[in-house]
Amino acid sequence: EVDMLAPSSPRGTRLIAEIPHLFGPGVGAQMTYYETTSGAKVFAAGAFTLAGSVWQPIVDRLMENLWARLAPDA
């Protein structure tokens, strides 16, 4: 499973990271983030396999940064 930006993506959605051509030309995974007008903070991992990588040092750092950003007082 992968996520990608689309014309229907909320305005202000930011592309954080990308794995281009993961499933062939033009079919990649895109990690995104946006905030709603009501204050919700929305993160899409882009690839379902992120959870299996959280113990790798670089992914661990990404998760620490993500949790800091999503914290209620951030």
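Predicted model: local features only at pLDDT ≥ 70, side-chain atom pairs only at ≥ 80, totals over all residues.
Strand 2, which spans residues 29-35, pairs with strand 3 in the antiparallel sense, and 4 bridges join the two. Both strands belong to an open sheet of 3 strands, ordered 1-2-3 and paired in antiparallel fashion. Because strand 1 (14-19) and strand 3 (41-44) each have a single partner strand, they stand at the edges, and one side of each is left without a neighbour in the sheet. On average, and with direction ignored, neighbouring strands of this sheet are turned by 10° against each other.

Helix 1, made up of residues 57-70, lies across strand 1, strand 2 and strand 3, and runs at about 20° to strand 2.

Within strand 2 is found Q30, whose relative accessible area is 10%, a value under the 20% cut-off, so that Q30 counts as buried. The side chain of Q30 takes part in the polar pairings set out below.

| Group of Q30 | Partner | Distance |
|---|---|---|
| Q30 side chain (polar contact) | Side chain of E18 | 2.9 Å |

When residues up to four places away in sequence are not counted, Q30 touches D3, M4, L5, L15, A17, E18, A44 and G46.

Notes. Residues numbered from 1 in each chain as written. Heavy atoms only, no water. Pairing = 2+ DSSP bridges. Axes fitted to C-alpha atoms, helices over the stretch in contact; angles between N-to-C directions. Contact = heavy atoms within 4.5 Å. Buried < 20%, exposed > 50% of the residue type's maximum accessible area, 1.4 Å probe, protein only. Polar contact = N/O pair within 3.5 Å; in protein donor to acceptor, adjacent residues only side chain to side chain.
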